[in-house]
Amino acid sequence: MDNIELNALGKINLGLDVLGKRPDGYHEVRMIMQTVYIYDQIRLEKKETPGTELSSNLFYLPTDKNNLACRAADLLLEEFGIREGVKITLAKHIPVAAGMAGGSSDAAAVLYGLNRMFGLGLSTEELMKRGVSLGADVPYCILRGTALAEGIGEKLTPLPAMPRCQIVVAKPPVSVSTRRVYDKLDETPVAVHPDIDGIVSGLEAGDLRKIASCMGNVLEQVTVPEYPVIEKIKASMKEAGALNAMMSGSGPTVFGIFTEKSRAKKAAQKIREAGLAKQVYVTNVHNARRK
Ligand code: ATP
């Protein structure tokens, strides 16, 4: 196999709780992760000259080792002493610096794809172990589906699939640094912890309304006051019939859960027309895991 094409899917958090800060500076979290069908397209090709080369459709993304996709490729090329190189072509569609784990998902796809292309024979668990050195969300992005993520996000427990629904994703035109949001969270105590166990029991019962009613994200207390547009998008989605709407990850992306496609489409149109966000998608949850 000389080339392979992959979809790197984004995620939303149905719940995000921060339990505290560890002595090594990482935060102890409890998150419910859900893959959604918004994805980057990645093509990997073998090349004769050694090393990794990346090109993308977004001029402002790094094309060197600062790009997580390159770091993922270098990791496997070095470990397995592969003499050939890899050319990565990245068509970016997941909103950037938005709380949807776009970079982590690209890295996960590269690990998965190179394992196949070079016949390295690594299991999914072995790929996930390597992934965590690139970022706490990378193991989850390899696994996909619905999962409880604990520790720094790398301790994963697969959960029953999210019931069928429509998801509206809207990314307002502001960029958020994940690190800064966590630093600011340390300055103030967490006001309200979300009901993560309630979401888990909602998933176990296949009860979409229960899941929606238990949704919560402690990072909203940092990002929402800084960017009031997030609250406006949430309100607009709820007015348009969302069961619930919330910020994903450290933001600023907001997602809403809908039972009907027509309502989801109207909500998306309203958000665009009000100028609250340009990147607005109506999509589905993606429940299949990688084998
Ligand atoms: P998370 O949800 O994990 O916090 P995020 O959505 O906040 O992720 P990303 O889009 O993954 O953030 O990346 C944020 C930063 O990382 C960007 O500023 C970008 O320059 C850098 N970066 C490195 N590699 C990539 C990549 N492949 N795709 C997007 N951004 C990347």
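Student: Where is A97 found?
Tutor: In the loop between β4 (85–91) and α2. Keep in mind that this is a predicted model.
Student: What is phi of A97 near?
Tutor: Near 50°. That is a positive value in a residue other than glycine.
Student: Why flag that?
Tutor: Because most residues other than glycine have a negative phi.
Student: OK, ligand. Which residues come nearest?
Tutor: A97 again, along with A101, G103, D106 and T178. They belong to a set of 18 residues around the ligand.
Student: What is 2.8 Å from an oxygen atom of the ligand?
Tutor: A polar backbone atom of A97. So A97 has both the positive phi and a polar contact with the ligand, the cut-off being 3.5 Å.
Student: And T178, how far is its side chain from the ligand?
Tutor: An N or O atom in the T178 side chain is 2.9 Å from a ligand oxygen.
Student: What about a nitrogen atom of the ligand?
Tutor: One is 3.0 Å from a polar backbone atom of L68.
Student: How much of the ligand does the protein cover?
Tutor: 78% of the 610 Å² of accessible area that the ligand has on its own.
Student: Which helix gives the largest share of the shell?
Tutor: Helix α2, residues 102–117, with three residues.
Student: How do the shell residues divide?
Tutor: Eight are nonpolar, six polar and four charged.
Student: How many residues line the largest pocket?
Tutor: 47. S104, G135, D137, T178 and R179 lie nearest its centre. The lining has 23 nonpolar, 16 polar and eight charged residues.
Student: Which elements each supply at least two lining residues?
Tutor: Strands β1 (3–21) and β2 (27–47), plus helices α1 (68–79), α2 and α5 (178–187).
Student: Last one, back to the backbone. Which peptide bond is cis?
Tutor: The one from G251 to P252, with omega near 5°. P252 is in the loop between β9 (244–247) and β10 (254–258).
Student: And the general rule there?
Tutor: Most peptide bonds are trans.

Definitions and conventions: Residues numbered from 1 in each chain as written. Predicted model: local features only at pLDDT ≥ 70, side-chain atom pairs only at ≥ 80, totals over all residues. Heavy atoms only, no water. Near = heavy atom within 4 Å. Polar contact = N/O pair within 3.5 Å; in protein donor to acceptor, adjacent residues only side chain to side chain. Areas by Shrake-Rupley, 256 points an atom, 1.4 Å probe, with all protein chains shown as cover. Helix = DSSP H or I, 4+ residues; strand = E, 2+ residues; numbered from the N terminus. Nonpolar A, V, L, I, M, F, W, Y, C, P; charged D, E, K, R; others polar. 1 Å grid on protein atoms, 1.4 Å probe; cavity = no way out; pocket = protein on both sides within 12 Å on 5 of 7 lines; lining within 4 Å.
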